Amino acid sequence: MGENNPPKNLIPPKQMSLIMVDIILMKNIKREASYFVDKKDLLVAEYLYEKYGIDSIQLASSQSYYAKNPKKYVPIFKMIQLELTRLNDSINESMRVKEE
């Protein structure tokens, strides 16, 4: 496999963006949820593998491919940014409604 050739099982950009959003959310929940004694058991990589029908090798090879091809990674980051903004707006709206 050449440096710029995609792996045979490349995760498509849209799915990759959703996986990365989940990774970001899981890391933040773990960091902020210090009151959970067994937080290491809450959110694990296996959850992602089952949810998206992937495995660790597929995720790693896809991440590596996209990292080596920034022009293909930029649209993924834009999708991530849009999704995180959408989630943030949704949370803010829910909080606003509760305050009324």
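I took a salt bridge to be a side-chain nitrogen of Lys or Arg within 4 Å of a carboxyl oxygen of Asp or Glu. The model is predicted, and I noted that local features need pLDDT of at least 70, that side-chain atom pairs count only at pLDDT 80 or more, and that totals for chains, interfaces and linings use all residues. Residues are numbered from 1 along each chain as its sequence is written, and side-chain values use heavy atoms, with hydrogens and water left out.

Entry: whole structure. I searched the whole structure and found three salt bridges.

Entry: aspartate 22 and lysine 51. I found these two residues joined by a salt bridge, with 2.8 Å between the closest N and O atoms. Aspartate 22 belongs to helix H1 (residues 13-32) and lysine 51 to helix H2 (residues 45-52), so the pair ties together parts 29 residues apart in sequence. I took helices as DSSP runs (H or I, at least four residues), numbered from the N terminus. For accessibility I used buried for under 20% relative accessible area, exposed for over 50% and partly exposed in between (1.4 Å probe, protein chains only). Aspartate 22 is buried at 12%, whereas lysine 51 is partly exposed at 43%.

Entry: arginine 86 and glutamate 83. I recorded a salt bridge between their side chains at 2.7 Å, N to O. Both lie in helix H4 (residues 70-99), three residues and about one helical turn apart. Arginine 86 is partly exposed, at 46%.

Entry: arginine 96 and glutamate 93. I noted their salt bridge with the closest N and O atoms 2.5 Å apart. These residues of helix H4 are three residues apart, so about one helical turn separates them. Arginine 96 is partly exposed at 37%, and glutamate 93 is partly exposed at 37%.

Conventions:
Helices (H or I, at least four residues) and strands (E, at least two) are DSSP runs, numbered from the N terminus.
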